Amino acid sequence: MEKIKVGILGATGAVGQRFIQLLENHPWFEVSFLVASQKSAGKLYKDAVKWKLETPIPEKVKDLFIYDISNLNTNGAKILFSGLDSSVAGEVEEFYAKNGYIIISNSKNHRMVENVPLLIPEINYEHINLIKHQNYKGAIITNPNCSATFFTLVCGILNKKWPIELINVVTMQAISGAGYPGIASYDILGNVVPYISGEESKMETEPQKMMGKLDNGKIIYENIIISASANRVAVIDGHTESVSISFKEGVPTIEELKNELRNFESPIFKMNLPTAVKFPVRVMEEEDRPQPRLDINFEKGMAVSVGRIRKDNIFDYKMTILGHNTIKGAAGAAILNAELFVYLFNEKLK
Ligand SMILES: NC(=O)c1ccc[n+]([C@@H]2O[C@H](COP(=O)([O-])OP(=O)(O)OC[C@H]3O[C@@H](n4cnc5c(N)ncnc54)[C@H](OP(=O)(O)O)[C@@H]3O)[C@@H](O)[C@H]2O)c1
């Protein structure tokens, strides 16, 4: 099939670079349009970007021009991935959606809007139907805050079988989560910073929407009490989370809980989406895993790893969850959402 042209808003940032890397050999999508700030606009990508990834800048993207945020001549791109800074993402994403473009966003700005899907498609792909209730010529689809993604995927699977009452999550988040240049080395080396602006409230609210049920074009929010504490640690990629949960009733045994997670087959896998993983959760039995350096690239960063599942003295269970913040927590998640959109709403691209 002829590849679908796509654009990247915020192409020079940490998430933007991941988009470009992950889309290099994508079987459906081809990058044809780039947007960044005034500082970068008018330059070639290779001259504007401070490339930080371990693979080289893809040849096809190196010499693409960077446009500014008001450009509607997208060189054939109808789907626009957004890794824009949240100070501009709200307005810019709406501008393009009103003009007929499909926005697949990582930014916080539209996540909690009633008719905007907030997707972890392995647990709530049907929420994508909310776009039928949007008033845009195009559409806006979002993926969650990176830290919210990992424990919500795990809890979302469990919650379908054994309703959850309480979640406590303490994160140890990588510096790439703050974008580039992010936090100064002087502040993070040999240190832990126990504050990330806005992060805790996102982890406490977004899961309620994601685990909610789609009913008559609206999401009925889940009602779980969530307490989150966010910390920045000196890790490059990969957010680690210590998570404790209690169930409302009917507490599974440890083996039942582990089996539910390890045998959970992604319902979107059968759609043959290129980025979908059949088993999105890996249960690890080693006593000191998962660890970011060893485990974030499992399933090319698109699965989460869970280990140290054990009984807790306050909650029912506690565990350690790890995910790749710029892949499953950002660019990879958005690419999967775009594939789902193409699979279900292909006619909107014509
Ligand atoms: N990093 C993660 O792990 C992660 C995970 C999930 C979600 N997110 C979200 O994804 C978004 C991007 O994050 P990031 O970490 O990639 O940030 P980043 O490295 O700071 O990149 C921000 C991007 O936005 C562009 N930009 C900034 N101001 C702009 C303006 N006024 N007009 C047009 N473009 C502008 C920048 O272009 P210039 O280079 O030209 O300034 C850059 O391309 C944020 O909303 C963030 O919250 C990030």
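Arg282 sits over the face of the Phe298 ring, 3.9 Å from its centre; a charge counts as over a ring if NZ of Lys or CZ of Arg is within 6 Å of the ring centre and within 35 degrees of the ring normal. The model is predicted: local features need pLDDT of at least 70, side-chain atom pairs count only at pLDDT 80 or more, and totals for chains, interfaces and linings use all residues. Residues are numbered from 1 along each chain as its sequence is written, and side-chain values use heavy atoms, with hydrogens and water left out.

**Aromatic pairs**

The whole structure holds nine aromatic pairs. Rings of Phe, Tyr and Trp (its six-membered ring) pair if their centres lie within 6.5 Å, and planes under 30 degrees apart count as stacked, over 60 as edge-to-face and the rest as tilted. Phe29 and Phe81 make an edge-to-face pair, with 6.1 Å between centres and 70 degrees between planes. This pair joins strand β2 (residues 29-35), which holds Phe29, to strand β4 (residues 79-82), which holds Phe81, across 52 residues. Helices (H or I, at least four residues) and strands (E, at least two) are DSSP runs, numbered from the N terminus. Phe29 is buried at a relative accessible area of 1%, and Phe81 is buried at 0%. Buried means under 20% relative accessible area, exposed over 50%, and partly exposed in between (1.4 Å probe, protein chains only). Tyr45 and Trp51 are also edge-to-face, because their ring centres are 6.3 Å apart and their planes at 80 degrees. Tyr45 is buried, at 0%, as is Trp51, at 18%. Phe19, Trp28, Phe29 and Phe81 are joined into a cluster by ring pairs.

An open sheet of seven strands runs in the order β8-β11-β7-β12-β15-β14-β13, with mixed pairing. Its edge strands, β8 (192-193) and β13 (281-283), each pair on one side only. Two strands pair if DSSP finds at least two bridges between them. Strands β14 (residues 304-311) and β15 (residues 317-323) are antiparallel and share five bridges; Arg310 stands opposite Lys318 in β15. Helix α8 packs on the sheet and touches β7 (164-173) and β11 (225-233), its direction making about 140 degrees with that of β11. Axes are lines fitted to C-alpha atoms, for helices over the stretch in contact, and angles run from 0 to 180 degrees between N-to-C directions. Gln208, in α8 (residues 199-210), is buried at 11%. Beyond neighbours within four places in sequence, Gln208 has contacts that include Tyr221 and Ile226, where contact means heavy atoms within 4.5 Å.

Elsewhere, strands β5 (residues 102-105) and β6 run parallel, joined by four bridges.

**Salt bridges**

There are 13 salt bridges, each a side-chain nitrogen of Lys or Arg within 4 Å of a carboxyl oxygen of Asp or Glu.

| Pair | N to O distance |
|---|---|
| Glu260 and Lys161 | 3.4 Å |
| Arg262 and Glu285 | 2.9 Å |
| Asp312 and Lys318 | 3.3 Å |

Arg262 lies in helix α9 and Glu285 in the loop between β13 and α10 (292-295), so their bridge ties together parts 23 residues apart in sequence. Arg262 is partly exposed at 27%, and Glu285 is partly exposed at 49%. Asp312 is buried at 17%, whereas Lys318 is partly exposed at 26%. Arg18, Glu54 and Asp237 are linked in a salt-bridge network.
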